Amino acid sequence: GVIPEALPLVTTFALSRGAKRLAKHKVVVKRLSAIEDLGSIDVLCTDKTGTITENDLTVNQAYMIDDDLMLYSAYGISNFDDSKQLPNNSFDIAILKQLKATEKKTLQKSSILSEIPFDPDRRRNSIIVQSGWTRPLLIVRGAPETIISHCSNITPTQRNQITKWIKSRGQEGNRCLAVAIRPNTPTSLHTPKIELNDLVLTGIIAFHDPLKTSTVSSIQSAHKLGVSVKIITGDGPEVAGAVGYAAGVIDEPTNIITGTDFEKLSSHLKLKAVEKHNVFARIMPQQKYEIIHLLQTHHQVGYLGEGINDAPALKIANVALVVKGASDIAQDAADIILLERNLKVIINGIEEGRKTFTNTIKYIKATLLSNFGNFYAVALASLMIDYLPMLPIQILLVNLLSDFPMISISTDNVEPDELRNPKSYDVKEIILVATLLGLVSTFFDFVLFGTFHKYSPSILQTNWFIGSIVTELILLYSIRTRKIFYKATKLPSYPLMILTTLAIIITLILPYTNVGQTVFHFQPPTFDHLMIIFAIIITYFITTESVKLLYYRFIAPHNNMLFPTPKSN
């Protein structure tokens, strides 16, 4: 009698509606329940490039050692042709725009003899290129701290000057790329172990990558939702700190931790570090997994990744998000795929997930406490009279007329206050609210019974039928907000208002129809009886509102159940 039998339908409808709305924001949901999971996260871990920033690099400044070779070496792509597509690497695109016409002609005649692609562990890539009659040239480019120490053409004084220059550019939010060469290198000597030997530094290039226009507002929206945004990047600490500070993720550009420092910590201190810091720089793929795993000790974590090395972290995250175009293994591990790489769409998804969850909870509470009241009232009343207080066919009609409006609660507008904190099912809280308000419902069912049991069975059954449906329907307008119903900042949704109005009209008209009297055995209620029923219903609504407000003011804060305060980072 108290089972919310339409819960699977409500949940599926709410999740499907959420998936459709997210699709309009270019978000594809692979696992339907991930929408609800997305609403429960309180930590979102994301990369910097392309999510926080535009990933539209431009060459900002350069520290030249060899003007003639630096940009040519930095680009290092074979058989370039103006008619071909632009390279898919943002560094290459930025460098290409700076190349001279003569350098582009040289590239057209060049070819790559050997290549070792970029690797996060090595933090560099290298090629051996040959152009026309020239001898093979090894080109290495990557993180400055990895390459500079292996270059033989710079003095300690120059190394200090370059380090200061790189740090200064990083504090401006610029990403730096070191470029070095080794002439006359045969392919047989092109291995990861010896590619750094006897290098000649040609220069350092600083790239500017602007913040997305939506980043700051998205971070602010995340904070309003009680979500802590953590940037996990392979970029240097100065760049990561500058971008994190500009985006509003951290209060000071120096409030970061590097992968090297993180690795030195004990397990206990690592747990404290992931709670304290919101920007992680020079992080290796295996460290991403560890950070996510540690955060899950106290949080529900969403993780945005795209590479093959992100797959383990995506697999363990509570919600795994990837961008369209990510590696196949990353997309297989994902719950949600973003067609547009933008932090704003993720925040919209979190908000949509919380709306879905909140409306599902509304239905559970409303149907549990309504059924709770009807179940005990009908059962106990049956012991006091020698006839059924409500016929089986009338009980089925009560369920039918009340379930459609209750199902429409999945479309309801949600109060902004309800979205501020992560959501999770709290059975104790649901049972407590259902019990308190269910007792109120039971009491007023007995008031209806006590008022009309002295009349004929059909009069009691009809009047109880009307009272049961109307009280269930107006209860929706009380349970949908924690405030007094008329102070709700969001109006009920149109489907909810239309269906509740329609159900009430049918309930009041049906006893006067031939179908109602012959099929459902109703007795047309008198005007006086209707006035008594509505007086009881109004009193019931006022009492329900009072108990609800008292609960959320005095009981809920102490239990801290349904709306827990998220941990501060």
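Trainee: What are the ground rules?

Mentor: The model is predicted, so local features need pLDDT of at least 70, side-chain atom pairs count only at pLDDT 80 or more, and totals for chains, interfaces and linings use all residues. Residues are numbered from 1 along each chain as its sequence is written, and side-chain values use heavy atoms, with hydrogens and water left out.

Trainee: Which residues have the most contacts inside the largest nonpolar core?

Mentor: In soluble globular proteins, nonpolar side chains tend to be buried together. A nonpolar core is a set of buried Ala, Val, Leu, Ile, Met, Phe, Trp, Tyr and Cys residues joined through side-chain atoms within 4.5 Å. Buried means under 20% relative accessible area, exposed over 50%, partly exposed in between (1.4 Å probe, protein chains only). Here the largest core has 54 residues, and those with the most contacts inside it are Tyr-363, Leu-369, Leu-397, Leu-460, Trp-464, Phe-465 and Tyr-540.

Trainee: Which helix gives the most to this core?

Mentor: Helices (H or I, at least four residues) and strands (E, at least two) are DSSP runs, numbered from the N terminus. H18 gives the most, with 11 residues. Helices supplying at least two residues each include H15 (343-381), H18 (457-479) and H21 (527-559).

Trainee: What does Tyr-540 touch?

Mentor: Contact means heavy atoms within 4.5 Å. Leaving aside residues up to four places away in sequence, Tyr-540 touches Leu-369, Val-440, Ser-441, Phe-444, Thr-471, Ile-474 and Leu-475. A second, separate core has 39 residues, including Val-239 and Ile-350.

Trainee: In what order do the strands of the open sheet run?

Mentor: Two strands pair if DSSP finds at least two bridges between them. Eight strands run S1-S14-S13-S12-S2-S9-S11-S10, with mixed pairing. S1 (27-29) and S10 (257-258) are the edges. S9 and S11 are parallel over two bridges. Ile-232 stands opposite Phe-280 in S11.

Trainee: Where does H9 pack on the sheet?

Mentor: H9 touches S9, S10 and S11, and its direction makes about 160° with that of S11. Axes are lines fitted to C-alpha atoms, for helices over the stretch in contact; angles run from 0 to 180 degrees between N-to-C directions. Buried residues of H9 (237-247) include Val-239, Gly-241 and Val-243. Just after H9, Gly-248 has a positive phi of about 90°.

Trainee: Where is Asn-184 found?

Mentor: Most residues other than glycine have a negative phi. Asn-184 has a positive phi, near 55°. Asn-184 lies in the loop between S7 (174-183) and S8 (200-208). Asn-184 is partly exposed, at 46% relative accessible area.

Trainee: What about His-521?

Mentor: His-521 has a positive phi of about 60°. His-521 sits in the loop between H20 (514-518) and H21. His-521 is partly exposed, at 42%.
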